[in-house]
Each structure stands twice: as C-alpha cells, then as structure tokens.
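Please read the following walk through one protein structure with the sequence and the 3D view at hand. Each paragraph takes up one part of it.

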Amino acid sequence: MTVTPLPPVAVPAGDLSVWPASTEERPHGRLSVGGVPLDELAESHGTPVYVLDEAEVRARCRTYRDAFPGADVHYAAKAFLCRALAHWVEEEGLGLDVCSAGELELAVTTGFPPERILLHGNAKSPEDLRAALRLGVGRIVIDSPAEIARIAAAVGPGERQRVVLRVTPGISAGGHAKIRTGSDDQKFGLSLRDGHAQHAITRVLGQPRLRLTGLHCHLGSQITDVKPYLVAVRRLVGLMARTRDAHGVVLSELDLGGGHGIAYRPGDPALDLTALARRVRSELAESCAGAGLPVPRLIVEPGRAVTGPAGVVVYRVLAVKATPERFFVAVDGGMSDNPRPALYGVRYAPRLIGRRSDAEARRATVVGRHCEAGDVLAEDVPLPADVHPGDLLAVPAAGAYHLSMASTYNLVGRPPVVAVAAGTSRLLVRRETQADLRARDVGL
C-alpha cells in the first residue's frame, strides 16, 4: 500500500495571544511563564503538570473589579479552586460562588469570609445546606420550588437567611448546547415565561426565615456576545417591577451570573469585558428608570475568564503514529485531566516546547493515553513533522475546567498544580499518587 504523506501546514510564528501575558520565548525553543521555563517545571514536577500564573489571575481579578465599580464580583469556584487561589481572590477583593459543601469548606477554612460567598446548585444536598447555614454564607441561590421550604426549615429560630432566586429568562446563549443554561426546559432555575418564577417569589416572601434580596440568572458558558446579557437585564428588571407591584417589595440585587467566553486558539472570539460592563450598566439604568425602580446592586460571576487564560498544561509525548489520513501524537495525559474536548468538542492550540525544530509542520491529532477513541485533546493542529517521544507539548488556556473536572479514569492520578510568579514556582496541589488511589479502596 502506498502511503500518501499529509501536506505541510504553516505555523504562526510567535503567536502568544492566548497565552498568559508573562509568556516569553527563549532560545532553543524554550518557553517561560511567570519567568519560569516550562521545560524546567516538567522536569522537576513530572508531566502532565498544570501551571498557573499568579500575576495573571490577580490582574484579571483587578480588571473585573475596575470594570464593574460599585458591583460585587464573585469568582465562580467551579472553574478551579484550591487554597492558594481562594486566598488570591479574597486579597483582590472578589467574592466567591460555590456549588457544594466541599468548595465551601475549603474556602472558609482557608480564611475566605463566608459573608462574601454565594451557594449555588440545582439539587443542593442536605450537607450542602447544613454547611452553608453553619458557616454563615452571604446568600443561597434558590434554584427550585422544593428548596424554599427546605431552606426555611433548616434556618434556626430567630434567624433569617438571605436568598436570591434563580430565574430562567428564556435566552439561549453559550458555546455548546450542553453549557447553555438560560433557556427553558432544562434543569436550572425557575421559568419566567410559565409563571414559576413569580409563584416562587410569592412563596419565598411568605417565609419569615428567608429574606429575598434579589434575582439571579446564568445564561450559559463561553458566551462571546454582549447582547444576551442585555436581554436578560430587561427581562429581570421587568420581573422586579412586577414583584414591586404585586407585593410592595423592591429587590436590591441583580445577579447576571457569568459565562464570559475566552479565546482558546489565536483568532477565537472572546467576550469584550469593557463593552459588557459599559452596556450592562447602561441597560440596567435605563430599564430601571423606565420601570420606576432604583438601580439594584449588580453581581457578576466570572470563573473561566479569571483563571482560564492564566493556566497552561504541559504534556510529554509518548508515541507518534502516521496513517494515510492522520498524524497522531500521543501524550501522557488526556481525557482524565481534560475531558472538555470529549464533552464539548473544545479545540486547543498545543505547541512544541523545550527544543527548536526547523522541520516543516504537519497537521496533527494530539491524543491521550486512555482507552477511548474519543480521547482526543486537539485535532488538526500544526506541529513539527519531527515531533517524537520525549518531546514536550504545552497547551494554553488551561486554567479552568481542567483539574476541577479531572477524573481517575484508568486509575491515572490527577496532575499537580504549580504556581509561577516573578521567576519562582511553588507547588499548590500535589500529584495524586497510586498510593492515594489504593488508600480509597478498602474492600476485599
């Protein structure tokens, strides 16, 4: 059989637009982040390894705080959370939103002020609610009618818990069908269209142990257009006006959630934060003026947009295989440390690091080590034709929804997280070892 070679493809030279701002090209194909060469981190910590740029995280927190003066910015912990990150976020003046007792306990035991924390979840467990009330979270987001009585019953005598109501405003937005959460007929929130949201407001206001402070919505994830947020503002302000007219209650908070999209590859669209902040504030002021309402305090919940661009993951190549149709490059990680390509078809831009190659580029499919045909990390990406086992590949925009969604599939331990800043590095989360995995297996 005659094998037809795959055609060469151009590689954009020096395009670091989706890498942390501190990324620098060094001689001999080396790349550094936060002043630390990535190949040195791979040698000292092994691979795969997540690298998080502390300065980038902090800068993005400050950018949000500056873009939304007078608003509350809550970092969405589901994107990625560890003790150091909770500390950075708190120091930069942001709040936190969490989705479980586990995220909540980690944050509070790190020293994060519980009054600056919101608890989310469409199906909160009894443990989640007990932890929230015991630790004194600032707000609980009510996501379903069943939660109203459950939360009220759990609040102690003489106490009142601040709550906000999650509304589904009937808006479809997001990068993939599986991460669109603002449309009707899905598991989150109470529908604005069918009257469930209005009915829930009446029920909450009838609970003396609950204090309804505002409305919440989350339209989806990886949204790159401002317009859906403006529509959400108009619809939720309309519901606030109806609440005032029906109950004489003026709600003081409006939480627009997060879902702010980032670029994963050069040229990808990303949400314009400056335009978002300016147009949302303007729309909110105009809508409230038209309804005769005071402007509520705005809350936004970025997650991916804070940590995603600040993270890089480094892999080592284990095998290379060419077929008539594809050029496969297999690495020592995969869907256990990044399930997003398999779940949502996310496309990344891996790059050879640690050595210089003058070979022409070939279109490659970067695959993982797991026993699944869908274990693909990147498709149709340019890599040098001479890539070989032992080489290092680095993938940018890896700071969100990698470790937080990682698994131990095939009993492969989860990678470590290393922070870099001003030329130094430190371990934040250690690698999960085989001993860790065996320790959980207690039955014979």
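Two strands count as paired if DSSP finds at least two bridges between them. The model shown here is predicted. In this model, strand β16 (residues 351-353) and strand β19 are paired over three bridges, in the antiparallel sense. Across this pairing, L392 in β19 has I353 opposite.

Strand β19 also pairs with strand β14 (residues 311-322): five bridges join the two, and they run antiparallel. Here V395 in β19 has V313 standing opposite. Is β19 itself mostly covered or mostly open? The strand, residues 392-396, is mostly covered, with five of its five residues buried. The cover lies over both faces: L392, A394 and P396 are buried on one side, and L393 and V395 are buried on the other.

Next come two helices. Two packed helices are described by the angle between their axes and by the distance between the axes. For helix α2 (residues 54-67) and helix α3 (residues 83-91), the angle is about 40° and the axes are 9 Å apart. Their crossing is right-handed. Which residues meet there? From α2 come E54, V57, R58 and C61, and from α3 come L85, W88, V89 and E91. Of the residues in this contact, five are nonpolar, three are charged and none is polar.

The last topic is the aromatic rings, of which the structure holds two pairs. In one, Y64 and F68 are stacked, with 6.4 Å from centre to centre and 10° between the planes. Residues count as buried when their relative accessible area is under 20%. Y64, at 4%, is therefore buried, and so is F68, at 2%.

The rings of Y264 and Y348 have centres 5.2 Å apart and planes at 75°, so this pair is edge-to-face. Y264 lies in the loop between β12 (253-255) and α9 (273-291), while Y348 lies in the loop between α11 (340-344) and β16, so the pair ties together parts that are 84 residues apart in sequence. Both Y264 and Y348 are buried.

Note on methods. Residues are numbered from 1 along each chain as its sequence is written. This is a predicted model: local features need pLDDT of at least 70, side-chain atom pairs count only at pLDDT 80 or more; totals for chains, interfaces and linings use all residues. Side-chain values use heavy atoms; hydrogens and water are left out. Axes are lines fitted to C-alpha atoms, for helices over the stretch in contact, and angles run from 0 to 180 degrees between N-to-C directions. Helices (H or I, at least four residues) and strands (E, at least two) are DSSP runs, numbered from the N terminus. A crossing is left-handed if the near helix is turned anticlockwise from the far one by less than a right angle, and right-handed if clockwise. Contact means heavy atoms within 4.5 Å. Ala, Val, Leu, Ile, Met, Phe, Trp, Tyr, Cys and Pro count as nonpolar, Asp, Glu, Lys and Arg as charged, and the others, Gly among them, as polar. Buried means under 20% relative accessible area, exposed over 50%, partly exposed in between (1.4 Å probe, protein chains only). Rings of Phe, Tyr and Trp (its six-membered ring) pair if their centres lie within 6.5 Å; planes under 30 degrees apart count as stacked, over 60 as edge-to-face and the rest as tilted.
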